[in-house]
Amino acid sequence: MTITETRTQAPGSRSVTDGSALPEPRGLAGWLTTTDHKRIGQSWVISALFLLVVAAGIGAVVGIERLQDGEDLIGARTVADLLHIHGTTLAWLVVAPLALGLATHVVPLQVGAANVAFPRGSAAAYWTWLLSGGLLLTGYGVGGGPAGTTETGVDLWLAGQFGVAAALAIGLVSVITTVVALRAPGMGLRETPFFSWSILTGGGLLLLSLAVLMADLTFLYVGHHFGGQLPAGSAVTGWALTVPGVFLLAVPAMGVAADVVPVFARVRQERPGVVLGLLGALAVLGFGAWAQLSEPTREPLLWATSALVLLPALGLLAGAADTLRRGRPRPGTPLVWALTAGLLLLLAALAGALAVIDPLELHGTAWLDGQRRLALGAALLGLLGGVVYWGPKMWGARVPEPLSGLAVLAVLGGVVLAAAADLVAGLVDDVAAGQPDLGSSDLAGALGVVGALGDVLLAVGALLILVAVLAAARTGRTRTTDADPWEGHTLEWATSSPPPPGNFPEPLAPVTSDRPLLDARTTTTEAPA
Amino acid sequence: MATSLVPADLPAAPEPSRRGVVAVGTGLAIAAGVAFFAALIGLYFASQDVDGPWLPEGELVPNVALLVTYTTLLMSSFTAQWAVAAVQLRDKVQLVLALGVTLLLAFAFFNGLSFSWSQLGVGPGDNLTATAVYAVTGAHALAVLIAVVTFLVMAFRALGGQFGPRNVEFVQSAAAIWHWAVAMGVAVWVLVWFLEGMPR
């Protein structure tokens, strides 16, 4: 057995139905020691959803605190810390792991592989992320953070972030290698499904970005641990969540949307090469690791990349609209999640393009906080749409549509309202980024209400989607669902829901197009009686 | 339960080869490693002379010791590749020799680097440039340690007979990681120590 195989695979065969492979242990031991990519993916997704509720809850507390006139319930310093926790948790403990979890579960199915390339690596990545996430949050809790007051707290905070980044990087190596080296025969890169392609391009550049982030954290750790304080320029890690770097997290979400829209339009994607190109362009333009200490309004190249992100965002949304126009759309919440994600991405790109226009003086203001909310919101909506769309594959049951529908409205409304408050505060009142309140003008009160409402709505939406997913997981234990409830176009729908060990019980025929199941369905329909 | 939607008369595809999986994964990890050190060295350049001269008055960079240290590391690249060749030839004696010399050279590198640090007269947190220098060189020492661990794992498996001329992917991967660590060492020596140690 080579290092890349696991005991769930019978050597020389994808299927374990002949009984020659060792079964995985049941119960908790099974979950703790699993190397099945489907279980690892589920672990990522469920953990990320729980942390979404935590992050959204923190955001709601901050939003409500901003409403208080007179005596503060919690100090301004604490509010600033909570804002930082909210942003960090949302990006690295919710959005990124949600993308990686979906990728770990879905990518091998989409490309026709029996498992991820490095199953033990993927498992190690998940547990490292979980422990490091705990360290990170503990670090905040014992006085850590960028304005931390205790040495131990700041060290823990830095070490936790490093561990989270390293874990995400290891997980990305595994899924990217799966796309590159384990595609089904006949599936070239042009035939790769859009979500898998977005993991290859966006995930690849995110891997490099995470390496750069780890370098920044190493520098900060050495300076703080040996020197007693964070080195000057401790904002060096901020580039990851500002224009244009923040868009990298939205690339997998757009991959989800690109897969979902043609299925619900019931029509073939007319120009798949263009969609692949737009996803790649979004990834390239979203790679901001090279411009850590630059100001977008001062550096021409950074200005250009921040503004040009508008083009692939517009292109993807226009392509989706065209696909829907050509097809016979049918209702379904995955489509709603996908379209709202595209819309928010366009708004985020527009806000980012405006932020780099020097005369507007938006850089460094709360406008950037709002832009970040929109970009992360776009990523969140798209990825949650993926959880709903691939729900049958993940849980063996559809995520309940009523709950999913309410959740998408709540999350969308929450993100838009909260972002609007920040955008207006930055534009009108020149409020600085990351401040505990939205200024002191007459408008600040109204903005506070809008922002608080948005934060609370997001928390409600987070709770709704978590409940919906848990309900689906529970239903899937007792009932099976159709293998292909959406009449999907790509290989993952060619096997049962959920898939068996080894994913495909029968060897796959050579893939001849980017939509093999749609082709097969069309051929079967058109075959003479 | 799904029935296959693929027409039944199409022949099944051959089982895809898993060759190249380790190579691709190693390539991705090395790319990330290069980005990591590029960022650290960039931070070093950005921190230069921010707090004034980073070494105390009268202290110099121990150029001789550093040149010997990093040359030792460079030599270990050749012995690491010698180990790969020994595995392919299934020659255990050469394999043990090559591994032993490689690990000895790595130990000599750690020894030389720690001596050089002790000669600087400045600690990691004393100023911004010192922090950056120690961050870069310390991270590189850790990278060499990772390469050593990978090599040791490979060595045990090779001595156990798990690798041979037809199954050498992991051996090549371990050597590639070693070469990456050495290449990063060359970059660190040139961009940090050599330029820093030049007379002003």
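Visitor: Which charged end sits over the ring of A:Trp486?

Guide: That of A:Arg398, 4.5 Å from the ring centre. Keep in mind that this is a predicted model.

Visitor: What charged end sits over the ring of A:Phe264?

Guide: A:Arg330 supplies the charge there, with 4.8 Å to the centre of the ring.

Visitor: Now the ring pairs. How many aromatic pairs does the structure hold?

Guide: Counting over all chains, 19. Take one of them: A:Phe195 with A:Trp390.

Visitor: Where in the chain do A:Phe195 and A:Trp390 lie?

Guide: A:Phe195 is in helix 6 (residues 194-227) of chain A. A:Trp390 is in the loop between helix 12 (366-389) and helix 13 (391-395). They are 195 residues apart, so this pair links distant parts of the chain.

Visitor: Are A:Phe195 and A:Trp390 buried or exposed?

Guide: Both are buried.

Visitor: What about A:Phe264 and A:Trp486?

Guide: They form a tilted pair too, 5.2 Å centre to centre, with 45° between the planes. A:Phe264 belongs to helix 7 (residues 251-265) and A:Trp486 to the loop between helix 15 (442-478) and helix 16 (516-526), so the pair ties together parts 222 residues apart in sequence. A:Phe264 and A:Trp486 are both buried.

Visitor: Which residues form one aromatic cluster?

Guide: A:Phe195, A:Phe264, A:Tyr389, A:Trp390, A:Trp486 and A:Trp493.

Methods
Residues are numbered from 1 along each chain as its sequence is written. Chains are lettered from A and ligands numbered from 1 in the order in which they are written. This is a predicted model: local features need pLDDT of at least 70, side-chain atom pairs count only at pLDDT 80 or more; totals for chains, interfaces and linings use all residues. Side-chain values use heavy atoms; hydrogens and water are left out. Rings of Phe, Tyr and Trp (its six-membered ring) pair if their centres lie within 6.5 Å; planes under 30 degrees apart count as stacked, over 60 as edge-to-face and the rest as tilted. Helices (H or I, at least four residues) and strands (E, at least two) are DSSP runs, numbered from the N terminus. Buried means under 20% relative accessible area, exposed over 50%, partly exposed in between (1.4 Å probe, protein chains only). A charge sits over a ring if NZ of Lys or CZ of Arg is within 6 Å of the ring centre and within 35 degrees of the ring normal.
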